[in-house]
Amino acid sequence: MKIGYARVSTIDQSLDLQLDALNKYGCEKIHQDEGISGSKSDRPQLNAALADLRPGDTLVVWKLDRLGRSIDHLRSTVFDLQKRGIEFVSIQDAIDTTTAMGRLFFNIMASMAEFEKDLIRERTLAGLAAARARGRSGGRPKKVTEAQIKRARELAKNPGITIVEICKIIGVPRSTYYREVAPNI
């Protein structure tokens with residue numbers, strides 16, 4: 001059985017193009033998620049499609065990005081399908097794991113993606129090490145300076161001044177005050 005899966009990220013988008021392609025490919029059942037980003041892990045109709053699949057079935061999508069945004073998610077999903085005896089087809093990307101060439105192509109693509117991820121990780125770690133060697137630490141700059149924290153501590157000792165007033169005086173929002181200043185008082 002060919003089971004299709006179609007997804008659009010916003011309600012304003014149309015599933016028509018994907019549905020036409022999936023129907024033309026011969027999908028007997030099509031699950032549709034509307035208004036759900038591909039980066040979301042909880043996609044009810046994708047979960048339903050995966051649950052409907054049995055050994056010998058084929059999951060069909062219009063394009064790879066309809067199934068997931070990250071190559072890791074795509075790879076793990078397709079490998080899980082293969083373990084269950086289920087094939088995978090991406091119509092637009094010409095990936096068809098029902099053929100030896102399709103399986104080879106998908107595995108090469110997955111290996112290249114893993115290789116690229118490893119290279120990025122190595123470069124990132126090398127860059128962080130080089131920055132640390134120069135005395136720089138990573139991360140987002142703090143929104144409050146030590147001088148502002150010191151001034152806030154002094155102001156907080158005065159029971160007549162509210163937190164809102166302290167925030168106005170030192171120039172930070174209340175959320176920053178509670179996150180950065182309050183724990184240090």
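A quick definition first: buried means under 20% relative accessible area, exposed over 50% and partly exposed in between, with a 1.4 Å probe and protein chains only. Helices (H or I, at least four residues) and strands (E, at least two) are DSSP runs, numbered from the N terminus.

Some notes on the model, which is predicted: local features need pLDDT of at least 70, side-chain atom pairs count only at pLDDT 80 or more, and totals for chains, interfaces and linings use all residues. Residues are numbered from 1 along each chain as its sequence is written, and side-chain values use heavy atoms, with hydrogens and water left out.

1. Let's start with helix α1 (residues 16-25), whose buried residues are Q18, L19, A21 and L22. These residues lie on the same side of α1, because they cover an arc of only 165 degrees around the axis; the arc is that of the directions from the helix axis to the C-beta atoms. L17, D20 and K24 are exposed, on the face turned away from the buried side of α1. Just after the helix, G26 has a positive phi of about 100 degrees.

2. What do the buried residues of α1 pack against? Their partners are β1 (2-8), β2 (29-34), β3 (58-61) and α3 (64-67), where contact means heavy atoms within 4.5 Å.

3. The sheet is open and has five strands in the order β2-β1-β3-β4-β5, with mixed pairing; two strands pair if DSSP finds at least two bridges between them. β2 and β5 (95-96) are at the edges with a single partner strand each, so one side of each has no neighbour in the sheet. β1 and β3 run parallel and are joined by four bridges. In this pair, G4 stands opposite V60 in β3.

4. I149, A152 and A156 of α6 meet Y177, E180 and V181 of α8.

5. Finally, is T176 buried or exposed? T176, found in helix α8, counts as buried because its relative accessibility is 1%. Leaving aside neighbours within four places in sequence, T176 is in contact with K143, V144 and V181.
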